[in-house]
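Dear colleague,

I am handing over the structure we spoke about, and my notes on it follow below. Please read them with the model open beside you.

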Amino acid sequence: MIKRLVRSYWRHRLDRAVIRYQYLTHPEVLRLSQILDGWILQGQYSLARSERWRSKLSRIGSIARPEAVRSQKGVNTSMTRLNQSHEAFIEHIARGNKIEATDWMPDDYRQLLIKQIHMHAVSEIMGAYPEKEWVKYAPTIRRKLALNAKIQDEIGHGQMLLRLAEDLSAPYGRGREALLEDIVEGRVKFHNVFHMPAPTWADAGVIGFLVDGGAIITQAMLLASSYAPYARMLKRIVAEESFHMQCGESVVLALASGTAAQRDMLQQAINRWWPAMMFFFGPREMGTQSRRMLEYRIRTMTNEELRQKFLARYVPRIRALGMTLPDPDLHRDLDHPHYWHYTDPDWDAFNEMVHHNTGPMSQTRLALRRGAQEGLAWARQATLTAHATHCDLSATL
Amino acid sequence: MILLSPTQARSIQWLLTSVADDEWIIGHRGSEWLAETPNLEDDLALSSISQDEMGHAQLLYHLIEGLGGPSPDHQVYDRPIDRWHPAGLVTLPRQDWAEWVTRQYFYEVFDEIRRQALDTIPFPSLSSALLSIQREESYHTRYVHTQIQSLAFGGAVAEDHLAQAIAVDWPFIPSLFTWGGDDSTWQSLQSPVLDPEAMKAAFEATVHQQFVMWNIPWPGALGSIAPQGRDQCHNPAMAQVLSEMATVRHIAPESGW
């Protein structure tokens, strides 16, 4: 009787929460999660139904750890395909097999994927802001349309990647709204380069040339990722990024072959972005999580391998333009000509910037994101309300 | 091949300048919303719309160039403000999201009426351009209809935003119906549907019907069409837009960018 009352109470709370999610407080969500897990373990409640509820509650935040529940119940469909042990999983991906979203995966594999893909998505979205600043100043019609299209692509990448992160986060009850809130709440990092100022038109070109060029190197490596949905999505992203790099390269070439003022503007921009690009690929010694990602073949190259690839590609190109690089120690190793020596960026300063959003432009750009996320929450709510009350809006056209 | 008289060619240049300026400025204003809309999907749609509008402007500036005008880039970056003729509505500085949706809705309704009127001009290059433009505009209309219905049926808060937006935009709507130049420009093309009063009547009929369908209160009769109404755009906000657009280019005006 008491159990029935408790269940009835929570169902009532949950029903209200689905309609007006703000009725449920965070401690209530956690309590609800525990109760749901208990019911599932006791076979009193279907996992599918609880997942639907978790999904609807995604705005409130993370609830429970469903992997534990899944494992105990043995409900995963991939049980017949994979022995659910870490060793078997490692062996499976070592043979070059890919993991699909519905396959069983260790908790830490899922969490590493969420961290990687969430950060990637957020970096694409936050990367729109430095270039957006230059759309209204674009000096020709062609440049203006190209820059608009490039920014649109970046947001599109962010949107697609968030869908992957949403799928992976579904067992944790986290959806789009929660993943986007993480940006403005400072719970997810984005690439160091997007914390930096872009004070001239040359910066808009250099972002395309160097940042997108660097991103292509990183993302091309991820094409071999063990997580199949990510690898598939990256095919399209890398193809588009190569257009972006060409757009940036075209701006850079125009400036390099322009007047002294244009060349000076370009040189200043290269000087500004170079140290940030050295940081872009991560520390020389990879951290525990990055090494774990290598083990899981989520990524397939080290930070240093990626940075060396970037240096090999860009140092000769920049010098061929008659531009200099702001690193007096930049040179090829005498014994190993494929290895470039370079000056370390200020790791501590960049780390501080990325972890605490303390870069020169971090807060300005986060304020723009906050305006869309929080300031226009009413408009998202209006869309939901309108669709709920007028199921097919287009029918009234 | 149809040969235009010098008077007709001049009139078409005037008309197309108004249209192209509207398209360019609304595209430019739209790009100010990049990455700042309520949903990532809105960012994608709005960005496409802005690119389309500026692309249409570029196409029309090319037609003007073919009629003896300057190059499209020159028209965008080097034209003094007193030779620009966008409608006051499209030049309004960025405001609330609901205002942007409403502005786009009014503009799309009007633009369709205007395209139909322009299609009566016997100028094959223009007809071909309009056909290409129409293919893209139909998607814009679908998008803004969905958006405005979200505001109309989206609850009390959204309704408030919508009412305020309509109140802001409504006084600027008559500026849409005028053409660049004086009345003799459109009259010389001998097509009654180019008459600003005819376009205004068609606009009111369409919007009224849709407002009834969407339960949006009718804001009252539109104001009268002021002669030379497009000169309304010669204001500080428009001056700022033009100044911003030319900032980089004018660092090295003779150089490639």
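Leaving aside residues up to four places away in sequence, Val193(A) touches Val211(A), Ala276(A) and Phe280(A) in this predicted model. Val193(A) lies in the loop between helix H9 (176-184) and helix H10 (201-222) of chain A. Is Val193(A) buried or exposed? It has 24 C-beta neighbours inside 10 Å and therefore counts as buried, the cut-off for that class being 20 or more. The C-alpha atom of Val193(A) is also separated by 8.3 Å from that of Gly127(A), a residue 66 places away along the chain.

As for chain A as a whole, it contains 17 helices and two strands, and 40% of its 397 residues count as buried. If one takes the contacts in chain A between residues at least 6 apart in sequence, 73% of them join residues at least 24 apart.

Within chain A I looked at helix H8 (residues 141-169) and its packing on helix H11 (residues 228-256). H8(A) has 29 residues and spans 42 Å from its first C-alpha to its last, which is close to the 42 Å expected at 1.5 Å a residue. Because 22 of those 29 residues are buried, H8(A) is largely enclosed by the rest of the structure. The axes of H8(A) and H11(A) come within 10 Å and cross at roughly 160°, so the two helices are roughly antiparallel to each other, and the crossing is left-handed. On the H8(A) side the residues that meet H11(A) include Arg143(A), Lys150(A), Asp153(A) and Leu164(A), while those on the H11(A) side include Tyr230(A), Glu240(A), His244(A) and Val251(A). By class, this contact of H8(A) with H11(A) has 10 nonpolar, two polar and four charged residues.

In chain B, helix H5 (residues 97-118) packs on H6(B) and also on H7(B), and I describe the two pairs in turn.

With H6(B), the angle is about 150° and the axes are 9 Å apart, so H5(B) and H6(B) are roughly antiparallel to each other; their crossing is left-handed. Among the residues that meet here are Val101(B), Tyr105(B), Glu108(B) and Leu118(B) in H5(B), and Leu126(B), Ile133(B), His140(B) and Leu151(B) in H6(B). The residues of this contact of H5(B) with H6(B) divide into 10 nonpolar, six polar and five charged.

With H7(B), the angle is about 55° and the axes are 8 Å apart, so H5(B) and H7(B) are oblique to each other, and this crossing is right-handed. Ala98(B), Glu99(B), Thr102(B), Arg103(B) and Phe106(B) in H5(B) meet H7(B) residues that include His161(B), Ala165(B) and Asp169(B). The contact of H5(B) with H7(B) has six nonpolar, two polar and three charged residues.

Finally, there is the contact between the two chains, which takes 45 residues from chain B and 44 residues from chain A. On the side of chain B that touches chain A, the elements giving two or more residues are helix H1 (6-31), helix H2 (40-66), helix H3 (72-77), helix H6 (124-152), helix H7 (156-169) and helix H11 (236-246) of chain B. H2(B) gives the most to that side, with 11 residues. By class, the side of chain B that touches chain A has 19 nonpolar, 19 polar and seven charged residues.

With best wishes

Methods: Residues are numbered from 1 along each chain as its sequence is written. Chains are lettered from A and ligands numbered from 1 in the order in which they are written. This is a predicted model: local features need pLDDT of at least 70, side-chain atom pairs count only at pLDDT 80 or more; totals for chains, interfaces and linings use all residues. Two residues are in contact if their C-beta atoms, placed from the backbone, lie within 7 Å. Helices (H or I, at least four residues) and strands (E, at least two) are DSSP runs, numbered from the N terminus. Ala, Val, Leu, Ile, Met, Phe, Trp, Tyr, Cys and Pro count as nonpolar, Asp, Glu, Lys and Arg as charged, and the others, Gly among them, as polar. Axes are lines fitted to C-alpha atoms, for helices over the stretch in contact, and angles run from 0 to 180 degrees between N-to-C directions. Angles under 35 degrees count as roughly parallel, over 145 as roughly antiparallel, 65 to 115 as roughly perpendicular and the rest as oblique. A crossing is left-handed if the near helix is turned anticlockwise from the far one by less than a right angle, and right-handed if clockwise. A residue is buried if 20 or more other C-beta atoms lie within 10 Å of its own, exposed if 12 or fewer, and partly exposed in between; C-beta atoms are placed from the backbone. The expected span of a helix is 1.5 Å times one less than its number of residues.
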